[in-house]
Amino acid sequence: MTIEVRDLTKVYGKTLAVDHLSFEVRPGMVTGFLGPNGAGKSTTMRMILGLDRPTSGRSLIDGKPYHDLHDPLTRVGSLLDANWVHPNRSARAHLRWMARSNGLPTSRVDEVLELVGLHDVAGKSAGQYSLGMKQRLGLAGALLGDPGVLLFDEPVNGLDPEGILWIRTLMRNLAAQGRTVLVSSHLLSEMALTADHLVVIGRGRLIADAPTAEFISAATRSTVRVRSPRITELVPLLQAQLAATVEPVDGAPDAATVSGAAIDRIGEAAAAAGIALHELSPQNGSLEQAFIELTAGSAEFASHPGPSGTAPSAGQGPSVPGRAAQWSPDGSTLAPDGSAVAPPTPDAYQPAAARHTAPEGN
Amino acid sequence: MRLLAVERIKLFSTRSPYWCLAVVLAAALLFAILMGTLQNGENASVFTSQSGLGLGMSVFMVLATLAVTTEYRFGTIRTSFQAVPRRANVLLAKTGLLVVLAAVTATVSSFAAFFLVKALAHSPAEPLTLATGGDWRAVLGHAALFPIAAVIALAVGVLVRQSAGAITIVLVWPLLIESLVRLIPKVGSDISNWMPFNAGSKFVTYISSGGLPQEALSQVLSGGPTPLEGLAVFAGTAVALWIVALLVLQRRDA
């Protein structure tokens, strides 16, 4: 069971929510669907589930549009919003009508209630449930038909640590059973712990489609900060001897950020040339920082005119993530007024070796 | 059949339908008590025994509207469409259930009201018997009107999606709009007579003899469609609205 998204586009009025998005979700692993709020994750999931009508393009589950699935709950389970329950209806009745609609026996309702730990409160109306309990009820609904494909939209939002751990473990187990699991999140740190593979989008466009480890190591590649009274001599030296990339640091004329060279070699090179260093420090980009850089300018509310039309949306972008943007440790790239917005998004980040899905789909 | 069962579980696993059904029956019985007891039941007739049914029909329309708007309100409509992606089937099942429920509710309420009046009225203006076809129509006719009204309410619910707005429409339309149209000079009363709810009500209007004062009688009977024409207008409106609702439902994002 795979999910295939092909050239999917959704326009709401004048807003381009999803922009020619293509990717594939494969079985046996957890695929993280990552992007800032408003990037189009939920819209994409709703289109996969046949709830929203795509403006163009399509999405297929096991080669079929959702509409053509027979008893779809036995193929695809989803938890898009835990609050989608009638507050006066009991959890059991909620699951009972879902089961009946897809020809599942009522005994299955009790099974999933047991599985998510709601068995003892199944007769209570859902309105009395805490968010965590509603989340469990939503999961029970998703698992009701024992489906091979599962979609979760921000499943850990608002949960306590225990609940987060529970859901994380559950998703990993579901994937280990060979199911196809797509989980959306706006938190890279959460996805780093849960997902094996990442599909990253921003402003409705594909930014990355790569294994999680590879994505993170590329996105957080560390740099070295140097400060020296003779910085003007040091910079050409590093560029020439170490083939390093050196960028100036805003507001610190005697400092520079060096990437592409080991910290030891930088110190040795400076010593050999007799240049005193006032600072030589590794800068490890955090996941969040890297993510902000990657999606800078693609956050929905960072409203600068996007490079629409000029962007090859997926497939041929060899560009390295974030390198075009300056570090901005305070996250100012997301300033709503757009003043500190980084240069246009790297169109598509796809480490050649990592990309198992050809752009055309296979 | 499976989807009918689904809709039945949905409808009867929340509280509001029970309240609505209780109010429909209460309205029918309350008016029946008034008709049967006031002035020893002098105003009681087969027709007037059904005085509470009009109000009851409005309440049933609220039930039918809520059956769809609460799904939008609480997001369960999305779960419904995920479980049954063919949206026409969801709407058909909802419609089927409400039509059956409406017919049963109307039958029970109208007979209960009739027999209550018959039991209470000491000196009715006319014998309270179901003798003629017209008598039967006045009572059992509600079993035709309620389902049609339910379909209209359901369609309005699908189109408006929001409880307050949809309920306002289904209440104000029959209770206010169709009466106000009468105030338009010259053509007003003709238009009003042919508007769906007024036209539909002709189907259960039956005056055998003295039940009402003569002027009221003439007003009720003045112009407008015959009972069958009225029923056709009412049913036609429901079918047209339902088709529009279905088309919109299939096109729209859930």
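**Group meeting: a walk through the predicted complex**

Okay, let's start in chain A, with A:Asp7, which sits in strand 1 (residues 3-12) of chain A; helices (H or I, at least four residues) and strands (E, at least two) are DSSP runs, numbered from the N terminus. A:Asp7 isn't a glycine, yet its phi is positive, about 55 degrees. Its relative accessibility is 38%, so A:Asp7 counts as partly exposed; buried is under 20% relative accessible area, exposed over 50%, partly exposed in between, with a 1.4 Å probe and protein chains only.

Quick housekeeping. This is a predicted model, where local features need pLDDT of at least 70, side-chain atom pairs count only at pLDDT 80 or more, and totals for chains, interfaces and linings use all residues. Residues are numbered from 1 along each chain as its sequence is written, chains are lettered from A and ligands numbered from 1 in the order in which they are written, and side-chain values use heavy atoms, leaving out hydrogens and water.

On confidence, the predictor gives the complex an ipTM of 0.89 and a pTM of 0.80. Chain B has a mean pLDDT (the predictor's confidence in each residue, from 0 to 100) of 91. Where pLDDT is low, the predicted coordinates should not be read in detail.

Now helix 2 of chain B. Which of its residues are buried? Those are B:Pro17, B:Cys20, B:Leu21, B:Val24, B:Ala27, B:Ala28, B:Ala32 and B:Gly36. Down the axis of helix 2 of chain B, they fall within an arc of 155 degrees (taken from the directions from the helix axis to the C-beta atoms), so they line one face. They pack against helix 1 (2-12), helix 3 (53-73), helix 5 (87-120) and helix 7 of chain B, contact being heavy atoms within 4.5 Å. The face turned away carries the exposed B:Trp19 and B:Leu30.

Last up, rings. Rings of Phe, Tyr and Trp (its six-membered ring) pair if their centres lie within 6.5 Å; planes under 30 degrees apart are stacked, over 60 edge-to-face, the rest tilted. That gives 8 aromatic pairs over all chains. One of them is B:Trp173 with B:Phe197, edge-to-face at 5.1 Å centre to centre and 80 degrees between the planes. B:Trp173 is in helix 8 of chain B and B:Phe197 in helix 10 (residues 196-201) of chain B, 24 residues apart. Both B:Trp173 and B:Phe197 are buried.
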